[in-house]
Amino acid sequence: VQLQASGGGLVRAGETLRLSCTVSGRFGYINDMAWYRQGSGNQRDLVAKIGSDDKTEYGESEKGRFFIVKVALKNTIYLHMGNLEPADTAVYYCYADTWTVNVGSQNHWGQGTLVTVSS
């Protein structure tokens with residue numbers, strides 16, 4: 001299973017950016033997909049998550065500014081980030097929890113995409 005993330009870049013404060021992540025490979029189905037980010041520290045924090053039932057969850061600082069959308073037929077999620085702030089600067093990682101017969105549940109991470117927000 002591979003996760004291909006894209007969409008990072010350099011933007012100014014107040015601007016918007018969209019990240020995308022597509023899951024490919026052999027698996028039964030996808031449970032949750034999510035975006036995490038890692039700033040200057042080592043901790044990887046939840047940005048937004050969407051479940052197989054389309055229920056969403058957001059980190060506190062992202063509520064009202066970021067929106068996660070899923071296109072199930074494409075195994076793809078998008079993260080729409082609005083009103084970006086310098087504090088949003090981080091490497092953003094895509095995550096997927098898949099389930100496969102004879103394997104069970106597995107967690108997968110994408111390669112990370114850098115988002116830099118200048119003031």
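A search of the whole structure finds five salt bridges, a salt bridge being a side-chain nitrogen of Lys or Arg within 4 Å of a carboxyl oxygen of Asp or Glu. The structure is a predicted model, in which local features need pLDDT of at least 70 and side-chain atom pairs count only at pLDDT 80 or more, while totals for chains, interfaces and linings use all residues. Residues are numbered from 1 along each chain as its sequence is written, and side-chain values use heavy atoms, with hydrogens and water left out.

Arg37, Glu62, Arg65 and Asp88 are linked in a network of salt bridges. Strands (E, at least two residues) are DSSP runs, numbered from the N terminus. Asp88 also meets Arg65 in a salt bridge, at 2.8 Å from N to O. Because Arg65 lies in the loop between strand 6 and strand 7, and Asp88 in the loop between strand 8 and strand 9, the pair ties together parts that are 23 residues apart in sequence. Asp88 is buried, with a relative accessible area of 1%, and Arg65 is buried at 12%. Buried means under 20% relative accessible area, exposed over 50%, and partly exposed in between (1.4 Å probe, protein chains only).

Another salt bridge joins the side chains of Lys70 and Asp54 (3.0 Å, N to O). Lys70 is in strand 7 and Asp54 in the loop between strand 5 (44-50) and strand 6 (56-58), 16 residues apart. Lys70 is partly exposed, at 23% relative accessible area, and Asp54 is partly exposed at 47%.

Two strands pair if DSSP finds at least two bridges between them; strand 3 and strand 8 (residues 76-81) are joined by six. Ser20 stands opposite Tyr78 in strand 8.

A disulfide, defined as a pair of cysteine sulfur atoms within 2.5 Å, joins Cys21 to Cys94, with an S to S distance of 1.9 Å. Cys21 lies in strand 3 (residues 17-24) and Cys94 in strand 9 (residues 90-100), so the pair ties together parts 73 residues apart in sequence. The torsion about the S-S bond is about -85°, so the disulfide is left-handed. Cys21 is buried, with a relative accessible area of 0%, and Cys94 is buried, also with 0%.

Terms used
Helix = DSSP H or I, 4+ residues; strand = E, 2+ residues; numbered from the N terminus.
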